[in-house]
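Hi there,

Here is the structure I promised to pass on. Have a look at it first, and my notes follow below.

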Amino acid sequence: TRVLAVHHRDRDHGNSELSNLAWLCHNCHFLIHHNEKEMSQFEKKFKKQMLELADRIEAAHKAENKCR
């Protein structure tokens, strides 16, 4: 069984907004907190994935509205 940790991107454990949270394995979570290069790469990938997700959601909404 793989156990995941919740990473607070702004390191504020009181901020539980979905845009601030990411699920990571414990190894990656450790690396992000202790290696600046890993943190930078993570943020870059995270932002790219969020933009791609937003594009897919927008496309789905447009397709849904055409069906009506």
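**What I found**

Reading from the start of the sequence to its end, the elements of this predicted model come in the order β-β-α-α. Helices here are DSSP runs of H or I with at least four residues, strands are runs of E with at least two, and both are numbered from the N terminus. With a radius of gyration of 16 Å, well over the 11 Å that the globule rule gives for 68 residues, the chain is more spread out than a compact globule. That radius is taken over C-alpha atoms, and the rule is 2.2 Å times the number of residues to the power 0.38. Along the principal axes, the C-alpha atoms fill a box of roughly 50 × 30 × 25 Å.

Two notes on how to read the numbers. Residues are numbered from 1 along each chain as its sequence is written, and side-chain values use heavy atoms, leaving out hydrogens and water. As the model is predicted, local features need pLDDT of at least 70 and side-chain atom pairs count only at pLDDT 80 or more, while totals for chains, interfaces and linings use all residues.

Of the 68 residues, 19% count as buried (under 20% relative accessible area; exposed is over 50%, partly exposed in between, with a 1.4 Å probe and protein chains only). The largest nonpolar core has 6 residues: Ala-22, Leu-24, Ile-32, Met-39, Phe-42 and Phe-46. Such a core is a set of buried Ala, Val, Leu, Ile, Met, Phe, Trp, Tyr and Cys residues joined through side-chain atoms within 4.5 Å. Two or more of its residues come from each of β2 (21-25) and α2 (36-67), and α2 gives the most, with 3.

His-7 counts as buried because its relative accessibility is 0%. Its contacts (heavy atoms within 4.5 Å), not counting residues up to four places away in sequence, include Ala-22, Leu-24, Ile-32, Met-39 and Phe-42. The His-7 side chain also makes polar contacts with the side chains of His-29, at 3.4 Å, and His-33, at 3.3 Å. A polar contact is a pair of N or O atoms within 3.5 Å; within protein, one must be able to donate a hydrogen and the other to accept it, and residues adjacent in sequence count only if both atoms are side-chain atoms.

His-8 also lies in β1 and is buried, at 10% relative accessibility. Glu-36 in helix α2 is exposed, at 65%.

Enjoy exploring!
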